[in-house]
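My notes follow in the order in which I checked things.

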Amino acid sequence: MSDPMVLTYEERGGGPALVLIHGFPLNSSMWIEQLKGLAKVRTVIAVNLRGHGYTQIDSTDGFSMDLFADDVAATIEDIGLDNVDLCGLSMGGYVAMAFWRRHADKVRSLIFADTKPEADSDEGKAGREKTAAAVREQGIQPLIDGVLPKMFGPNPSEGVVEACRTMFEATPPEVAAADLLAMRDRPDSALPAIDVPCLWVHGEGDQLMPVDAAKAHAASMRDCTFVAVPDAGHMSPMENPGVVNPAITEFLRKVAPKK
Ligand code: MLT
């Protein structure tokens with residue numbers, strides 16, 4: 001396995017830290033509205049996973065959700081934080097679940113956005129391999145054609161779509177292909193075992209991960225508040241920060257920093 005690395009990140013605000021983990025194939029700039037809007041309640045730290053945003057790498061060897069989680073832990077330690085509130089969208093949610101499995105002592109609370117706990121089905125795994133091969137051959141365009149249009153609710157703003165397209169285009173194809181195979185290999189996550197406060201925000205119009213399944217997962221957990229986000233699809237924090245930011249703010253105000 002490759003060694004964990006310290007990630008690049010954007011930071012705003014003050015007080016206890018909230019770490020945000022982006023989805024696929026995106027980077028920290030997907031959290032611009034949360035960097036602005038949550039800075040009053042937390043030091044908001046939006047990381048760039050390895051190979052994404054400003055986090056450059058020489059090789060994609062060893063990509064896995066576990067390694068990504070260890071990178072986040074190395075970054076938190078490098079900043080000098082003992083524990084954090086952790087939020088991940090979609091693939092970032094898979095990383096947050098791996099982080100819980102591997103570094104639970106560093107977690108004060110968890111926020112899941114438009115994600116799911118199940119491993120890929122056999123059909124899903126085969127699809128990942130096909131898409132990874134297409135991306136290696138043709139670059140990021142197969143993702144722009146096949147995935148980007150499914151990321152939003154029925155009436156996305158042009159600005160949000162363009163911002164996502166820019167993030168897709170900024171992701172090196174070899175990184176996107178390695179992400180796909182890392183997602184293929186992720187295990188099931190046992191959400192009922194999580195014993196810190198949780199919030200789950202999910203776009204009502206999420207075309208990639210249906211809202212009803214997400215609601216059922218949240219209901220299976222010990223202490224999880226579920227918020228269905230109207231006028232939003234898979235990118236709910238970008239599409240409707242007017243609902244997502246107050247939901248996160250209200251949740252975090254109730255989470256006491258650990259001693
Ligand atoms: C994401 O948005 O991170 C991806 O849709 C996750 C996935 O492909 O499973």
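This is a predicted model: local features need pLDDT of at least 70, side-chain atom pairs count only at pLDDT 80 or more; totals for chains, interfaces and linings use all residues.

For M91 I noted a backbone N or O atom, which lies 2.9 Å from an oxygen atom of the ligand. On its own the ligand has 270 Å² of accessible area, of which the protein covers 91% (Shrake-Rupley method, 1.4 Å probe; for residues, only the protein chains shown count as cover).

Residues are numbered from 1 along each chain as its sequence is written, and side-chain values use heavy atoms, with hydrogens and water left out.

Next I listed the shell around the ligand (a heavy atom within 4 Å), and found G23, F24, S90, M91, Y94, R128, M183, L208, M209 and H234. By class the shell divides into six nonpolar, three polar and one charged, where Ala, Val, Leu, Ile, Met, Phe, Trp, Tyr, Cys and Pro count as nonpolar, Asp, Glu, Lys and Arg as charged, and the others, Gly among them, as polar.

Which space does the ligand take? The space is the largest pocket, and a molecule sits in one if more than half of its atoms lie within 2 Å of its grid points. A pocket here is an open set of points on a 1 Å grid over the protein atoms alone, with protein on both sides within 12 Å along at least five of seven lines; a cavity is a set where a 1.4 Å probe fits but cannot get out, and lining residues have an atom within 4 Å of a point. I noted a volume of about 500 Å³ for the largest pocket; of its 24 lining residues, K116, R128, V147, L208 and M209 are the closest to the centre. Helix α4 (122–138) gives the largest share of this lining, five residues.

The second largest pocket has a volume of about 170 Å³, and among its 14 lining residues N27, S29, N48, G53 and Y54 are the closest to its centre. Here α6 gives the most, with three residues.

I then turned to cavities and counted one of 30 Å³ or more. Three of the lining residues come from helix α3 (residues 91–103), the largest share, and the lining has five nonpolar, one polar and three charged residues.

Last, I checked the backbone. The peptide bond from F24 to P25 is cis, with omega near -15°, and P25 lies in the loop between β2 (17–21) and α1. D114 has a positive phi of about 45° although it is not a glycine, and lies in the loop between β5 (107–113) and α4.

Terms used:
A polar contact is a pair of N or O atoms within 3.5 Å; within protein, one must be able to donate a hydrogen and the other to accept it, and residues adjacent in sequence count only if both atoms are side-chain atoms. Grid points are joined across faces, edges and corners, and a volume is the space filled by probe spheres set on the points. Helices (H or I, at least four residues) and strands (E, at least two) are DSSP runs, numbered from the N terminus.
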